[in-house]
Amino acid sequence: MSTIPSDRPTQQVADASHFEQSISGVTGELIRIECDCPIGEDHTYADWLARFTRAGF
Ligand SMILES: [Zn+2]
């Protein structure tokens, strides 16, 4: 006997707005740039590269 739960309609997590943190090469200050990439939380540019750049790809 199998009971299939009535799932809610799939809700897209489209609102993933957060900030990319970057260091200004000019002033050395921390800059926060609004971002909506799939990481979904504050990250650095290096994090972004690590996430979306794969060695050997
Ligand atoms: Zn992002």
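**Close-up views of a predicted model**

**Figure 1. Ring pairs join Tyr45, Trp48 and Phe52 into a cluster.** The structure shown here is a predicted model. The count of aromatic pairs comes to 2. One of them is formed by Tyr45 and Trp48, whose rings are stacked, with 6.2 Å from centre to centre and 5 degrees between the planes. Both Tyr45 and Trp48 belong to helix α1, which covers residues 45-52, and they lie 3 residues apart, about one turn of the helix. Trp48 also forms an aromatic pair with Phe52; this pair is tilted, with 5.1 Å between the centres and 50 degrees between the planes.

Figure 2. Why are Trp48 and Phe52 separated by about one helical turn? The reason is that Trp48 and Phe52 are 4 residues apart in helix α1.

**Figure 3. Four residues coordinate the zinc ion.** Which atoms coordinate the zinc ion? They are NE2 of His18, SG of Cys35, SG of Cys37 and NE2 of His43, at 2.0 to 2.3 Å. The angles among these 4 donor atoms are 103 to 114 degrees, and the site is tetrahedral. Along the sequence, the donor residues follow the spacing H-x16-C-x1-C-x5-H. His18 counts as buried because its relative accessible area is 4%, which is under the limit of 20%. Cys35 is likewise buried, at 13% relative accessibility.

**Figure 4. Strands β1 and β2 form a hairpin.** The two strands, β1 and β2, pair in the antiparallel sense over 6 bridges. Within this pairing, Ser22 has Ile31 in β2 as its bridge partner. There are 6 residues between the two strands of the hairpin, and Gly28, located in the turn, has a positive phi of about 75 degrees. In a regular strand, the side chains alternate between the two faces of the sheet.

**Figure 5. Arg32 lies over the face of Phe19.** How far is Arg32 from the ring centre of Phe19? The distance from Arg32 to the ring centre of Phe19 is 4.2 Å.

Terms used
Residues numbered from 1 in each chain as written. Predicted model: local features only at pLDDT ≥ 70, side-chain atom pairs only at ≥ 80, totals over all residues. Heavy atoms only, no water. Donors = N, O, S within 2.8 Å, 3.2 Å for Na, K, Ca; no water. Tetrahedral: all angles 85-135°; square planar, octahedral: opposite > 155°, others 65-115°. Buried < 20%, exposed > 50% of the residue type's maximum accessible area, 1.4 Å probe, protein only. Pairing = 2+ DSSP bridges. Phe/Tyr/Trp six-rings, centres within 6.5 Å; stacked < 30°, edge-to-face > 60°. Lys NZ or Arg CZ within 6 Å of the ring centre and 35° of its normal.
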